[in-house]
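User: I have a model open and would like to learn how to read its features one at a time. Could you walk me through it?

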Amino acid sequence: YHYTECGLDNVIIQNAGFGAEDDNGEQIVKIPALGRLHKAIAEGLVNQPGTLSGAEIRFLRTEMGMTQTELARLIHRDMQSIGRWERAESPLEPALDIVIRQIAAEKLQVKVPESIIELCMQVTPQASANQITIDHVDDPLCPYRPAA
């Protein structure tokens with residue numbers, strides 16, 4: 001399932017089986033445990049190679065429950081910089097990309113590479129966004145995980 005409702009164009013959910021019908025008998029998608037799905041997406045974003053796109057920065061920021069002003073204060077930038085990154089009007093510096101990933105990992109309690117060197121090595125400029133693939137699994141405690 002191509003999950004664009006999260007604000008990202010690059011999220012695919014595998015093994016979903018989320019089909020349902022509304023009261024009129026039309027096919028709809030019903031996604032259980034939405035919070036856990038978003039946590040799995042955040043983990044996929046934090047661990048993907050390349051630099052974060054504007055939409056990915058916005059997704060992580062909103063999942064952390066932060067405003068642009070709060071994130072700007074935390075990383076010592078102005079709110080306009082955050083807005084420009086999120087609208088893809090200016091590129092995110094690799095060092096700040098790493099900082100944002102670390103903050104997101106801590107606030108959202110997602111796994112990141114154990115070594116800061118590994119994280120630095122994966123954050124490199126790229127021409128296009130990577131696909132984030134999320135597996136739906138039969139585990140009521142954790143029904144989603146980034147695909148390997």
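User: Let me start with one side chain: in which helix is Ile 57 found?

Analyst: Ile 57 is found in helix H2. Keep in mind as we go that this is a predicted model.

User: Is Ile 57 buried or exposed?

Analyst: The idea is to look at relative accessible area, where under 20% means buried. Ile 57 has 1% relative accessibility, so it counts as buried.

User: Which residues does Ile 57 touch, leaving out those up to four places away in sequence?

Analyst: Those are Leu 52, Trp 85, Glu 86 and Leu 92.

User: Which residue forms a salt bridge with Arg 77?

Analyst: Glu 93 does, with 3.2 Å between the closest N and O atoms. Arg 77 sits in the loop between H3 and H4 and Glu 93 in the loop between H4 and H5, so the pair ties together parts 16 residues apart in sequence. Arg 77 is partly exposed, with a relative accessible area of 34%, and Glu 93 is partly exposed at 37%.

User: What about the salt bridge of Arg 101 with Asp 97: how far apart are the closest N and O atoms?

Analyst: They are 2.3 Å apart. Arg 101 and Asp 97 are four residues apart in helix H5, which means that about one helical turn separates them. Arg 101 is buried, and so is Asp 97.

User: How do I check the length of helix H5?

Analyst: Compare the expected span with the distance between the end C-alpha atoms. Helix H5 (residues 94-108) has 15 residues and should span 21 Å at 1.5 Å a residue; its end C-alpha atoms are 21 Å apart, so the two agree. Just after H5, Gln 109 takes a positive phi of about 55°.

User: What covers the buried residues of H5?

Analyst: The cover includes helices H1 (34-47), H2 (54-63), H3 (68-75), H4 (79-86) and H6. Among the buried residues of H5 are Leu 96, Ile 100, Ile 103 and Leu 108.

User: Where is Ile 117, and what patch does it belong to?

Analyst: Ile 117 is in helix H6 (residues 116-122). Together with Ile 116 and Met 121, Ile 117 forms a nonpolar patch on the surface, with about 350 Å² of accessible area together. Ile 117 counts as exposed because its relative accessibility is 58%.

User: Finally, how many aromatic pairs does the structure hold?

Analyst: A pair of aromatic rings is described by the distance of the centres and the angle of the planes. The structure holds one such pair. Tyr 1 and Tyr 3 form it, 6.4 Å centre to centre with 40° between the planes, and it is tilted. Tyr 1 is partly exposed, with a relative accessible area of 32%, whereas Tyr 3 is buried at 4%.

Conventions. Residues numbered from 1 in each chain as written. Predicted model: local features only at pLDDT ≥ 70, side-chain atom pairs only at ≥ 80, totals over all residues. Heavy atoms only, no water. Patch = residues over 30% accessible without salt bridge, like charges linked within 9 Å, V, L, I, M, F, W, Y side chains within 5 Å. Areas by Shrake-Rupley, 256 points an atom, 1.4 Å probe, with all protein chains shown as cover. Salt bridge = Lys/Arg side-chain N within 4 Å of Asp/Glu carboxyl O. Helix = DSSP H or I, 4+ residues; strand = E, 2+ residues; numbered from the N terminus. Buried < 20%, exposed > 50% of the residue type's maximum accessible area, 1.4 Å probe, protein only. Expected span 1.5 Å × (residues − 1). Contact = heavy atoms within 4.5 Å. Phe/Tyr/Trp six-rings, centres within 6.5 Å; stacked < 30°, edge-to-face > 60°.
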